[in-house]
Amino acid sequence: MNILVTGGAGFIGSNFIRLLLEGSDDVVVNFDLLTYAGNLGNLAGCEDDPRYRFIRGDVRDRSQVRAALTGHRIEAVVHFAAESHVDRSVEGPEVFVTTNVLGTEILLEESRAAGVGRFVMVSTDEVYGSLGPEGAFTESTPLAPNSPYSASKAAADLLCRAFFKTFDFPVLITRCSNNYGPYQFPEKLIPLMIANALEDKPLPVYGDGQNVRDWLHVRDHCRAVDLVLRRGTPGGIYNIGGCNELKNLDLVRLLVDRLGKSRDLITFVSDRPGHDRRYAIDAGKIMAELGWAPTVTFAEGLSGTIEWYLANGAWLEQVRSGLYTAYYERLYGAGGRYGREEDRA
Ligand code: NAD
Ligand code: DAU
């Protein structure tokens, strides 16, 4: 198959491309704008594979999308490209609407016109909103997104549904919980805490730290997306999750302990506006229908992730240079939304 992977230079997209190149005969075209989150360094070693091509392109640019689809005779699309960070969507929602909603709509229209036979939309469990202390999201849980990020993903997710219902376009939707693993940009919880702890910098925990996330190793997410791509039922929605719920504070303590650092680094800061309290995924459908199950235990996944960041200091250094510093200061520095109370006084 000739597969177009959008957002393939990001965290999950790059892990997915590695999986495809290792385990299939497919031709992989990576279509990525290389925003702050996109990094060709995430694909080091893949460039020489004759089945791999890179196109720097914007999903909001119809002519670029069309040229990529037709120029490479694309048969399947896996759509990861997005603005993906909730805190950034609180700072500036507009780009979330243009990239995540309009970009998805353009990709759907052009893919349909190009005769694409499978279109996987990588949505998120955040479209369901927040859970109370009990229960888990199923594929029929009503959508109730709470951040501009999750609202834009829900809009994109529903556009995919509409293209299936209206045009019989073979869309498949995945809704996964929180991923962790190598190449994750250090604005997200786990790599941010590792990077700060290594420098003995404060570890900013939002609110009371009791929010719960369901963590899944990125490799297991990629395996699930690959299964959905090949064997999922068109029009189907597939929840993906790790059955691995953790409170943020417990997770940060675990990281600090594993790194041999002091728990005194943990600093409680203002809560994220609209902060979802708990996510938990019922992944029974993909397990029963496609035989998927997580393979990486959290203990080994977390150890491997810590080791990866320790061994890849140059990668971390490179992605944290330039604009990252300005972002970090804006949010976490004195006077920032997540700046410490004492710094604000
Ligand atoms: P990421 O931010 O690491 O990567 C996003 C990629 O998209 C980057 O390479 C970026 O350059 C590219 N991109 C952004 N705007 C673009 C545009 N206009 N045109 C082309 N490319 C563009 O994100 P991630 O964490 O790898 O997430 C990938 C996808 O998976 C997203 O759609 C996200 O909503 C979804 N998802 C993420 C998680 C998670 O835990 N990270 C969980 C479930 C679903
Ligand atoms: O659930 C899937 C989603 O997971 C994806 O759709 C998103 O793209 C991805 O970013 C992620 O969203 P979260 O908001 O859950 O991830 P994040 O790593 O930003 O935060 C995880 C939890 O940790 C959340 O409760 C907020 C908290 N947090 C985060 C940061 C960055 C902190 O307490 N301190 C921090 O500095």
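1. Ser 24 sits in the loop that links helix H1 (11–23) to strand S2 (27–32). Helices (H or I, at least four residues) and strands (E, at least two) are DSSP runs, numbered from the N terminus. The model is predicted: local features need pLDDT of at least 70 and side-chain atom pairs count only at pLDDT 80 or more, while totals for chains, interfaces and linings use all residues. Residues are numbered from 1 along each chain as its sequence is written, chains are lettered from A and ligands numbered from 1 in the order in which they are written, and side-chain values use heavy atoms, with hydrogens and water left out.

2. Is Ser 24 buried or exposed? Ser 24 counts as buried because its relative accessibility is 15%. Buried means under 20% relative accessible area, exposed over 50%, partly exposed in between (1.4 Å probe, protein chains only).

3. Leaving aside residues up to four places away in sequence, Ser 24 touches Arg 51 and Arg 230 (contact: heavy atoms within 4.5 Å).

4. Now ligand 1. Around it are 30 residues (a residue is near if one of its heavy atoms lies within 4 Å). Ile 12, Asp 32, Ser 84, Tyr 149 and Lys 153 come nearest. A nitrogen atom of ligand 1 lies 3.1 Å from a backbone N or O atom of Leu 33. A polar backbone atom of Phe 80 is 2.9 Å from an oxygen atom of ligand 1. Alone, ligand 1 exposes 840 Å², and the protein buries 96% of that (Shrake-Rupley method, 1.4 Å probe).

5. Which element gives the most to the shell around ligand 1? S5 does, with 3 residues.

6. Ligand 2 has 25 residues around it, and the closest are Thr 124, Asp 125, Tyr 149, Arg 272 and His 275. A polar backbone atom of Pro 204 is 2.7 Å from a nitrogen atom of ligand 2. For Tyr 206, a backbone N or O atom lies 2.9 Å from an oxygen atom of ligand 2. On its own ligand 2 has 700 Å² of accessible area, of which the protein covers 95%. Helix H6 (189–198) and strand S8 (203–206) are the elements that give two or more residues to the shell around ligand 2.

Key. A polar contact is a pair of N or O atoms within 3.5 Å; within protein, one must be able to donate a hydrogen and the other to accept it, and residues adjacent in sequence count only if both atoms are side-chain atoms.
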